[in-house]
Amino acid sequence: MPVDRPPRPVRDGIGLGLAVGVSGVAFGAAAVSSGLTVWQACALSVLAFTGASQFALASVIASGGSLLAGTAGAILLGSRNTLYGLRLAEVVRPRGLLRLPAALGVIDETTAITLAQPDPASARRAFSATFCCLYVTWNLATLGGALGAGRIGSPQAFGLDVVGPAAFLALIWPRLKNGRTERLVAAAGVALALATTSVLPVGVPVILAATAALAGALAAPAAHGSRRPHVAEASPARTAPAPDSTAPDDANPGEPV
Amino acid sequence: MTATWIAVLATAAGCYALKLAGLTVPQRVLADQRVRRFAELVPVALLAALSAAQTVTNGQAFDLDPARLAGLGAAVVALVLRAPFLVVIIAAAATAAGLRAAGIS
């Protein structure tokens, strides 16, 4: 236990980076067993650095599918990072050439943790800490997995497969508590993704959930959903505000950026 | 082997370009209130969907793994109790790992 504990955004970022990064072992192992070389597996983690796309390409190669289709599918899965970038550009505000390395770090985990911070300075620190820790861990784990480290024990045995889902839920939790539109959009996104899981290629249902955000933005463009969106009539969510909301929307100091 | 390298490098280039595209969208585009609201809501929709998909699906099939479901349940309990972020993910992972060690999976 260090004497000076790092600030919370950094601590949370490092914790998430380590826990999720270890899953790179699974990617390294899957990549090599699907026919990629150790260096190709590492090149994907170093250069693409977005798990869903990496797994997608490896699985197409494993099934002997077309490389062109595999590449196109993997790139399509990367499109959700474009949508994250729209929001991160405003919050992290990387300038000039700094945008080039920062872009590499625009993924699910960094977005979730960055947007959960209460102010822009914390958000920037959280982004950097999560990106750096996850990047290093993911790449070392990929190399280890490609070299056979997966035989030591599966990430599942340590419960690491639930770290991602738990972290994403934890990081959007405050926004779900404080925003009615947010709750509707999240519920609709989950419903869309699960309803299309069996009919669309792996990964695409989650991208489809973005249409829930589009509907939410068109129905309730006000920042805190103060106007009553008509989609609310179909809402499965609670209509009363969360009982533990501590402050009105416009004055909540802990409101995520 | 060369074809595979081309696929690997094209995937990497495409994924990077998509990331950079979002980050370099001109701020005046985001000045529109609806676009801004969309950008704010996208992470909520995608991360909620991702959390659900990673919990109850495996590939194109539904896969209700009791240990994983219990892990996410533990995360929800921790969140309701206002536990700090790291406690939430440790509770989730420890619950799943514990159940699996006990032979439940």
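Let's start with the layout of chain A. It splits into domain 1, residues 1–159, and domain 2, residues 179–257. Keep in mind that this is a predicted model.

How do the two domains meet? On the domain 1 side, 15 residues are in contact with eleven residues of domain 2. Four elements of chain A give two or more residues each to that side of domain 1: α4 (51–62), α5 (67–77), α6 (79–92) and α9 (120–146). The largest share, four residues, comes from α6(A). By class, this side of domain 1 has ten nonpolar, three polar and two charged residues.

Now the fold of chain A. How many helices and strands are there? Chain A has 13 helices and zero strands. Of its 257 residues, 51% count as buried. Take the contacts in chain A between residues at least 6 apart in sequence: 72% of them join residues at least 24 apart.

On to confidence. The mean pLDDT of chain A is 83, and 82% of its residues reach 70 or more. Among the elements of chain A, helix α2 (residues 24–33) has the lowest confidence, with a mean of 88, and α3(A) has the highest, at 97. One stretch needs a flag. Over residues 224–255 of chain A, pLDDT stays under 50. The model has 33 contacts beyond four places in sequence for that stretch.

Next, the second chain. Which residues of chain B face chain A, and how many? 62 residues of chain B are in contact with 84 residues of chain A. On the chain B side, at least two residues come from each of α1 (2–23), α3, β2 (61–62), α4 (66–80) and α5 (85–101). The most come from α3(B), with 21 residues. By class, the side of chain B that touches chain A has 42 nonpolar, 14 polar and six charged residues.

The largest nonpolar core has 111 residues. Which residues have the most contacts inside it? They are Ala166(A), Ala45(B), Ala49(B), Ala75(B), Ile89(B) and Ala92(B). Helix α3 of chain B, residues 33–56, gives the most to this core, with 13 residues. Both domains of chain A take part: the core draws at least three residues from each of domain 1 and domain 2. As background, nonpolar side chains tend to be buried together in soluble globular proteins.

Zoom in on Ala75(B). Leave out residues up to four places away in sequence. What does Ala75(B) touch? From chain A, it touches Ala166(A), Leu169(A) and Ala170(A). From chain B, it touches Val88(B), Ala91(B) and Ala92(B).

The buried set includes Arg180(A), Glu182(A) and Arg183(A), along with Leu184(A), Val185(A) and Leu192(A). What covers the buried residues of α11(A)? The cover includes α10 (163–178), α12 and α13 of chain A, together with α3 of chain B.

Last topic: backbone angles. Most residues other than glycine have a negative phi. Two residues here go the other way. Phe49(A) has a phi near 45°, a positive value in a residue other than glycine. Phe49(A) sits in the loop between α3 (38–48) and α4 of chain A. Buried or exposed? Phe49(A) is buried, because 25 other C-beta atoms lie within 10 Å, and the cut-off for buried is 20 or more.

Then Arg82(B). It is not a glycine, yet its phi is positive, about 60°. Its place is in the loop between α4 and α5 of chain B. Buried or exposed this time? Arg82(B) counts as exposed, because it has 10 C-beta neighbours inside 10 Å, and exposed means 12 or fewer.

Terms used: Residues numbered from 1 in each chain as written. Chains lettered and ligands numbered in written order. Predicted model: local features only at pLDDT ≥ 70, side-chain atom pairs only at ≥ 80, totals over all residues. Core = buried A, V, L, I, M, F, W, Y, C linked by C-beta atoms within 7 Å. Domains from an automatic or database assignment. Contact = placed C-beta atoms within 7 Å. Nonpolar A, V, L, I, M, F, W, Y, C, P; charged D, E, K, R; others polar. pLDDT = per-residue confidence, 0-100.
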